[in-house]
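Subject: Structure handover

Hello,

Here is the structure you asked about. Please open it alongside this note, which goes through what was found in it.

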Amino acid sequence: MSSLRSFFNFSKKELNGIFFLFLLILVILVSPWFYRKLSKLQVYDLEKFKLEAANFKNSELRVYHSSNKKEAVKAVYFEFDPNSIGEKEWLKLGFSIKQIRVINNYIAKGGKFYKKEDLKRIYSISEAQYALLEPYIRIVATYTANKFAKDEKAARSNNQIPRSLIELNLADSLSLLTVRGIGPAFASRIIRYRDRLGGFYTKEQLKEVYGIDSLKYSQIQGQFSIDAALIQKINLNTAGFDQLKKHPYLTYKQMNAIIQYRQQHGYFQSIEDLNKVAILNKEIIRKIEPYFAFLPHDQ
(Lines give C-alpha, C1' and ligand atoms only; values in the text may rest on other atoms or scores of the structure.)
Protein backbone atom coordinates (compact mmCIF):
# COMPACT_ATOMS: atom_id res chain seq x y z
CA MET A 1 0.00 0.00 0.00
CA SER A 2 2.84 2.32 0.83
CA SER A 3 4.42 1.54 -2.54
CA LEU A 4 1.17 2.44 -4.33
CA ARG A 5 0.93 5.73 -2.40
CA SER A 6 4.48 6.58 -3.32
CA PHE A 7 3.64 5.93 -6.99
CA PHE A 8 0.89 8.58 -6.96
CA ASN A 9 2.83 11.01 -4.85
CA PHE A 10 3.79 13.95 -7.20
CA SER A 11 5.87 16.95 -6.56
CA LYS A 12 4.47 20.43 -7.08
CA LYS A 13 6.38 20.81 -10.33
CA GLU A 14 5.00 17.52 -11.66
CA LEU A 15 1.45 18.50 -10.67
CA ASN A 16 1.81 21.76 -12.61
CA GLY A 17 2.97 19.81 -15.64
CA ILE A 18 0.02 17.43 -15.41
CA PHE A 19 -2.37 20.39 -15.11
CA PHE A 20 -1.04 22.09 -18.24
CA LEU A 21 -1.16 18.78 -20.14
CA PHE A 22 -4.83 18.30 -19.30
CA LEU A 23 -5.50 21.93 -20.23
CA LEU A 24 -3.81 21.45 -23.64
CA ILE A 25 -5.85 18.30 -24.32
CA LEU A 26 -9.03 20.15 -23.40
CA VAL A 27 -8.19 23.01 -25.83
CA ILE A 28 -7.55 20.53 -28.64
CA LEU A 29 -10.84 18.73 -28.00
CA VAL A 30 -13.04 21.84 -27.94
CA SER A 31 -11.32 23.71 -30.83
CA PRO A 32 -13.42 22.08 -33.64
CA TRP A 33 -16.62 23.00 -31.81
CA PHE A 34 -15.56 26.66 -31.48
CA TYR A 35 -14.44 26.71 -35.16
CA ARG A 36 -17.85 25.53 -36.35
CA LYS A 37 -19.56 28.09 -34.18
CA LEU A 38 -17.40 31.05 -35.25
CA SER A 39 -17.16 30.32 -38.99
CA LYS A 40 -20.00 30.02 -41.48
CA LEU A 41 -19.59 27.18 -43.93
CA GLN A 42 -20.15 28.28 -47.54
CA VAL A 43 -23.02 26.35 -49.06
CA TYR A 44 -22.44 25.57 -52.76
CA ASP A 45 -25.61 26.57 -54.60
CA LEU A 46 -25.65 24.61 -57.88
CA GLU A 47 -28.64 26.49 -59.28
CA LYS A 48 -26.98 29.83 -58.62
CA PHE A 49 -23.82 28.62 -60.39
CA LYS A 50 -25.84 27.54 -63.44
CA LEU A 51 -27.49 30.97 -63.57
CA GLU A 52 -24.14 32.77 -63.37
CA ALA A 53 -22.68 30.52 -66.10
CA ALA A 54 -25.64 31.25 -68.38
CA ASN A 55 -25.29 35.00 -67.82
CA PHE A 56 -21.56 34.82 -68.62
CA LYS A 57 -22.21 32.88 -71.84
CA ASN A 58 -24.85 35.41 -72.94
CA SER A 59 -22.49 38.30 -72.28
CA GLU A 60 -19.78 36.60 -74.36
CA LEU A 61 -22.23 36.14 -77.24
CA ARG A 62 -23.22 39.80 -77.05
CA VAL A 63 -19.57 40.84 -77.29
CA TYR A 64 -19.02 38.47 -80.24
CA HIS A 65 -22.03 39.74 -82.19
CA SER A 66 -21.21 43.35 -81.46
CA SER A 67 -17.65 42.87 -82.73
CA ASN A 68 -18.99 41.23 -85.89
CA LYS A 69 -21.35 44.13 -86.43
CA LYS A 70 -18.48 46.56 -86.18
CA GLU A 71 -16.58 44.66 -88.89
CA ALA A 72 -19.60 44.36 -91.19
CA VAL A 73 -20.00 47.27 -93.56
CA LYS A 74 -23.06 48.01 -95.69
CA ALA A 75 -22.09 47.15 -99.25
CA VAL A 76 -22.07 49.79 -101.97
CA TYR A 77 -21.97 48.12 -105.39
CA PHE A 78 -20.16 49.46 -108.43
CA GLU A 79 -18.44 48.01 -111.49
CA PHE A 80 -15.00 46.65 -110.60
CA ASP A 81 -12.14 44.50 -111.87
CA PRO A 82 -11.02 42.12 -109.05
CA ASN A 83 -7.50 42.09 -110.50
CA SER A 84 -6.94 45.81 -109.99
CA ILE A 85 -8.96 47.22 -107.08
CA GLY A 86 -7.45 47.87 -103.67
CA GLU A 87 -8.43 47.32 -100.05
CA LYS A 88 -10.65 50.42 -99.82
CA GLU A 89 -12.72 49.28 -102.80
CA TRP A 90 -13.11 45.76 -101.37
CA LEU A 91 -14.30 47.26 -98.08
CA LYS A 92 -16.79 49.43 -99.95
CA LEU A 93 -18.16 46.30 -101.62
CA GLY A 94 -18.88 44.83 -98.20
CA PHE A 95 -15.89 42.49 -97.84
CA SER A 96 -14.50 41.75 -94.39
CA ILE A 97 -10.83 42.21 -93.45
CA LYS A 98 -10.43 38.42 -93.42
CA GLN A 99 -11.84 38.08 -96.94
CA ILE A 100 -9.59 40.86 -98.24
CA ARG A 101 -6.56 39.14 -96.68
CA VAL A 102 -7.42 35.90 -98.49
CA ILE A 103 -7.77 37.70 -101.84
CA ASN A 104 -4.51 39.63 -101.36
CA ASN A 105 -2.66 36.39 -100.55
CA TYR A 106 -4.10 34.79 -103.67
CA ILE A 107 -2.97 37.68 -105.89
CA ALA A 108 0.44 37.96 -104.17
CA LYS A 109 1.13 34.32 -105.02
CA GLY A 110 0.44 34.86 -108.73
CA GLY A 111 -3.29 34.27 -108.78
CA LYS A 112 -5.43 36.01 -111.41
CA PHE A 113 -9.14 36.36 -112.07
CA TYR A 114 -9.75 35.47 -115.72
CA LYS A 115 -13.54 35.23 -115.61
CA LYS A 116 -16.28 36.21 -113.19
CA GLU A 117 -16.62 32.71 -111.76
CA ASP A 118 -12.98 32.77 -110.58
CA LEU A 119 -13.98 35.14 -107.78
CA LYS A 120 -16.49 32.57 -106.52
CA ARG A 121 -13.64 30.07 -106.02
CA ILE A 122 -12.17 32.15 -103.19
CA TYR A 123 -13.26 29.98 -100.27
CA SER A 124 -14.27 32.87 -97.99
CA ILE A 125 -16.88 34.20 -100.47
CA SER A 126 -20.35 32.65 -100.12
CA GLU A 127 -22.74 31.88 -102.97
CA ALA A 128 -25.10 34.60 -101.75
CA GLN A 129 -22.37 37.24 -101.67
CA TYR A 130 -21.14 36.26 -105.14
CA ALA A 131 -24.70 36.48 -106.54
CA LEU A 132 -24.87 40.12 -105.41
CA LEU A 133 -21.44 40.93 -106.85
CA GLU A 134 -21.67 39.07 -110.17
CA PRO A 135 -23.55 41.77 -112.18
CA TYR A 136 -20.85 44.33 -111.31
CA ILE A 137 -17.73 42.30 -112.17
CA ARG A 138 -15.90 43.64 -115.23
CA ILE A 139 -12.62 41.84 -115.91
CA VAL A 140 -10.25 43.74 -118.18
CA ALA A 141 -7.40 41.41 -119.10
CA THR A 142 -4.77 41.65 -121.78
CA TYR A 143 -4.67 37.89 -122.08
CA THR A 144 -7.43 35.71 -120.70
CA ALA A 145 -7.60 31.95 -120.63
CA ASN A 146 -10.30 31.96 -123.36
CA LYS A 147 -8.22 34.17 -125.62
CA PHE A 148 -5.24 31.89 -125.11
CA ALA A 149 -7.31 28.83 -126.11
CA LYS A 150 -8.40 30.54 -129.34
CA ASP A 151 -4.85 31.61 -130.19
CA GLU A 152 -3.59 28.12 -129.44
CA LYS A 153 -6.11 26.56 -131.78
CA ALA A 154 -5.26 29.04 -134.52
CA ALA A 155 -1.53 28.38 -134.12
CA ARG A 156 -2.01 24.63 -134.53
CA SER A 157 -4.24 25.02 -137.57
CA ASN A 158 -1.77 27.37 -139.28
CA ASN A 159 1.30 25.25 -138.36
CA GLN A 160 2.92 28.26 -136.77
CA ILE A 161 6.42 28.04 -135.23
CA PRO A 162 6.21 26.79 -131.63
CA ARG A 163 6.59 29.47 -128.98
CA SER A 164 9.88 29.73 -127.07
CA LEU A 165 10.45 27.73 -123.90
CA ILE A 166 9.20 29.16 -120.61
CA GLU A 167 11.82 29.55 -117.88
CA LEU A 168 10.09 27.77 -115.01
CA ASN A 169 11.87 29.67 -112.22
CA LEU A 170 11.00 33.10 -113.66
CA ALA A 171 7.54 32.58 -115.12
CA ASP A 172 4.57 34.44 -113.68
CA SER A 173 1.02 33.12 -113.89
CA LEU A 174 0.36 34.92 -117.18
CA SER A 175 3.43 33.31 -118.77
CA LEU A 176 2.40 29.87 -117.53
CA LEU A 177 -0.99 30.27 -119.20
CA THR A 178 0.78 30.30 -122.58
CA VAL A 179 1.88 26.70 -121.95
CA ARG A 180 -0.36 24.13 -123.64
CA GLY A 181 -2.16 22.18 -120.94
CA ILE A 182 -1.75 24.77 -118.17
CA GLY A 183 -4.83 26.65 -116.96
CA PRO A 184 -5.29 29.16 -114.12
CA ALA A 185 -5.51 26.47 -111.42
CA PHE A 186 -2.32 24.68 -112.50
CA ALA A 187 -0.49 28.00 -112.97
CA SER A 188 -1.36 29.03 -109.41
CA ARG A 189 -0.32 25.66 -107.96
CA ILE A 190 3.01 25.63 -109.82
CA ILE A 191 3.94 29.10 -108.57
CA ARG A 192 2.84 28.29 -105.02
CA TYR A 193 4.93 25.12 -104.94
CA ARG A 194 7.91 26.87 -106.56
CA ASP A 195 7.81 29.52 -103.82
CA ARG A 196 7.85 26.83 -101.12
CA LEU A 197 10.77 25.04 -102.73
CA GLY A 198 12.77 28.13 -103.57
CA GLY A 199 12.78 27.11 -107.25
CA PHE A 200 12.89 24.03 -109.46
CA TYR A 201 16.19 22.31 -110.31
CA THR A 202 14.66 19.63 -112.54
CA LYS A 203 11.49 19.41 -114.63
CA GLU A 204 10.52 16.15 -112.92
CA GLN A 205 9.67 18.15 -109.80
CA LEU A 206 6.54 19.31 -111.61
CA LYS A 207 5.10 15.85 -110.83
CA GLU A 208 5.12 16.90 -107.16
CA VAL A 209 2.58 19.65 -107.92
CA TYR A 210 -0.93 18.57 -106.98
CA GLY A 211 -2.84 17.32 -110.04
CA ILE A 212 0.13 16.91 -112.38
CA ASP A 213 0.36 13.20 -113.14
CA SER A 214 2.63 11.43 -115.63
CA LEU A 215 0.25 12.13 -118.52
CA LYS A 216 -0.01 15.84 -117.77
CA TYR A 217 3.75 16.03 -117.21
CA SER A 218 4.51 14.48 -120.60
CA GLN A 219 2.17 17.05 -122.17
CA ILE A 220 3.82 20.14 -120.65
CA GLN A 221 7.46 19.29 -119.82
CA GLY A 222 8.77 20.03 -123.33
CA GLN A 223 7.59 23.63 -123.10
CA PHE A 224 9.80 24.52 -120.12
CA SER A 225 13.44 25.31 -119.48
CA ILE A 226 15.08 25.46 -116.05
CA ASP A 227 17.96 27.58 -114.77
CA ALA A 228 18.94 26.05 -111.41
CA ALA A 229 21.11 29.10 -110.68
CA LEU A 230 17.88 31.00 -109.96
CA ILE A 231 17.08 28.83 -106.94
CA GLN A 232 16.83 30.82 -103.68
CA LYS A 233 18.98 28.96 -101.20
CA ILE A 234 18.65 28.85 -97.43
CA ASN A 235 21.76 29.33 -95.30
CA LEU A 236 21.67 26.25 -93.09
CA ASN A 237 24.00 27.87 -90.54
CA THR A 238 21.53 30.66 -89.72
CA ALA A 239 18.10 29.26 -90.65
CA GLY A 240 15.63 28.86 -87.82
CA PHE A 241 12.66 26.54 -87.55
CA ASP A 242 10.24 29.09 -89.04
CA GLN A 243 12.36 29.36 -92.17
CA LEU A 244 12.96 25.63 -92.53
CA LYS A 245 9.34 24.60 -92.02
CA LYS A 246 8.32 26.20 -95.33
CA HIS A 247 10.36 23.67 -97.27
CA PRO A 248 8.26 20.68 -98.42
CA TYR A 249 11.09 18.13 -98.38
CA LEU A 250 11.75 18.20 -94.62
CA THR A 251 9.60 16.87 -91.79
CA TYR A 252 9.39 18.70 -88.46
CA LYS A 253 11.54 16.04 -86.79
CA GLN A 254 14.23 16.41 -89.46
CA MET A 255 14.23 20.21 -89.14
CA ASN A 256 14.55 19.97 -85.37
CA ALA A 257 17.38 17.43 -85.70
CA ILE A 258 19.31 19.74 -88.04
CA ILE A 259 18.99 22.69 -85.65
CA GLN A 260 19.91 20.57 -82.60
CA TYR A 261 23.00 19.16 -84.35
CA ARG A 262 24.12 22.66 -85.34
CA GLN A 263 23.74 23.92 -81.76
CA GLN A 264 25.74 20.99 -80.38
CA HIS A 265 28.48 20.66 -83.01
CA GLY A 266 28.75 24.10 -84.63
CA TYR A 267 28.27 25.26 -88.21
CA PHE A 268 27.87 22.90 -91.14
CA GLN A 269 30.79 23.09 -93.55
CA SER A 270 29.23 21.24 -96.50
CA ILE A 271 26.39 18.96 -97.53
CA GLU A 272 28.48 16.02 -96.34
CA ASP A 273 28.03 17.15 -92.73
CA LEU A 274 24.32 16.36 -93.01
CA ASN A 275 25.23 12.67 -93.18
CA LYS A 276 26.10 12.99 -89.49
CA VAL A 277 22.50 13.85 -88.64
CA ALA A 278 21.10 10.40 -87.91
CA ILE A 279 17.53 11.13 -88.98
CA LEU A 280 18.57 12.19 -92.52
CA ASN A 281 19.12 9.46 -95.12
CA LYS A 282 21.01 9.78 -98.41
CA GLU A 283 17.84 10.16 -100.46
CA ILE A 284 16.56 13.18 -98.54
CA ILE A 285 20.04 14.76 -98.50
CA ARG A 286 20.20 14.39 -102.29
CA LYS A 287 16.81 16.08 -102.65
CA ILE A 288 17.58 19.04 -100.40
CA GLU A 289 21.19 19.64 -101.55
CA PRO A 290 20.28 22.27 -104.21
CA TYR A 291 18.33 24.32 -101.65
CA PHE A 292 20.88 24.89 -98.91
CA ALA A 293 24.04 26.97 -98.60
CA PHE A 294 26.64 26.58 -95.86
CA LEU A 295 27.84 30.13 -95.27
CA PRO A 296 29.40 31.46 -92.06
CA HIS A 297 27.08 33.19 -89.65
CA ASP A 298 28.20 36.69 -90.69
CA GLN A 299 27.63 36.23 -94.42
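First, a term for what follows: a residue is buried under 20% relative accessible area, exposed over 50%, and partly exposed in between, using a 1.4 Å probe and protein chains only. This is a predicted model, in which local features need pLDDT of at least 70 and side-chain atom pairs count only at pLDDT 80 or more, while totals for chains, interfaces and linings use all residues. Residues are numbered from 1 along each chain as its sequence is written, and side-chain values use heavy atoms, with hydrogens and water left out.

**Overview**

The chain has 14 helices and four strands. Both come from DSSP runs numbered from the N terminus: helices are H or I with at least four residues, strands are E with at least two. Of the 299 residues in the chain, 30% are buried. Take the contacts between residues at least 6 apart in sequence: 57% of them join residues at least 24 apart. Contact here means heavy atoms within 4.5 Å.

**Aromatic pairs**

How many aromatic pairs does the structure hold? There are ten. Rings of Phe, Tyr and Trp (its six-membered ring) pair if their centres lie within 6.5 Å; planes under 30 degrees apart are stacked, over 60 edge-to-face, and the rest tilted.

One of the pairs is Tyr 77 with Tyr 136. They are stacked, at 5.4 Å centre to centre and 15° between the planes. Tyr 77 sits in the loop between α3 (46-71) and α4 (87-92), and Tyr 136 in the loop between α7 (127-133) and α8 (145-157), so the pair ties together parts 59 residues apart in sequence. Tyr 77 is partly exposed, at 31% relative accessibility. Tyr 136 is also partly exposed, at 29%.

Tyr 261 and Phe 268 form another stacked pair, with 5.7 Å between centres and 20° between planes. Are these two buried or exposed? Tyr 261 is buried, with a relative accessible area of 17%. Phe 268 is buried at 2%.

There is also an aromatic cluster, made up of Phe 78, Phe 80, Trp 90 and Phe 95.

**Charges over rings**

A charge sits over a ring if NZ of Lys or CZ of Arg is within 6 Å of the ring centre and within 35 degrees of the ring normal. Arg 189 has its charged end over the ring of Phe 186, 5.4 Å from the centre. Lys 287 lies over the face of Tyr 249, 4.2 Å from the ring centre.

**Salt bridges**

The whole structure has six salt bridges. The test is a side-chain nitrogen of Lys or Arg within 4 Å of a carboxyl oxygen of Asp or Glu.

Among them is Arg 138 with Glu 79, whose closest N and O atoms are 3.3 Å apart. This pair links distant parts of the chain: Arg 138 is in the loop between α7 and α8, Glu 79 in the loop between α3 and α4, 59 residues apart. Arg 138 is partly exposed at 36%, and Glu 79 is exposed at 53%.

Asp 242 and Lys 245 also meet in a salt bridge, at 3.7 Å from N to O. Asp 242 is exposed at 54%; Lys 245 is partly exposed at 38%.

Lys 276 bridges to Asp 273, with 3.6 Å between the closest N and O atoms. Lys 276 is exposed at 53%, whereas Asp 273 is buried at 14%.

**Helix α5**

Helix α5 (residues 97-108) has twelve residues. From first C-alpha to last, α5 reaches 16 Å, close to the 16 Å expected at 1.5 Å a residue (1.5 Å times one less than the number of residues). Which residues of α5 are buried? They are Gln 99, Ile 100, Val 102 and Ile 103. Seen down the axis, they fall within an arc of 160°, so they line one face of α5. The arc is that of the directions from the helix axis to the C-beta atoms. An α-helix has 3.6 residues a turn, so residues three or four places apart point the same way. The buried residues of α5 pack against α4 and α7. On the face turned away from the buried side are the exposed residues Lys 98 and Ala 108.

**Arg 262**

Arg 262 is in helix α13 (residues 252-265). Arg 262 is buried, at 15%. Beyond its neighbours within four places in sequence, Arg 262 contacts Leu 236, Asn 237, Thr 238, Ala 239 and Phe 268. Arg 262 and Asn 237 are 25 residues apart in sequence, and 7.4 Å apart in space, C-alpha to C-alpha.

Best wishes
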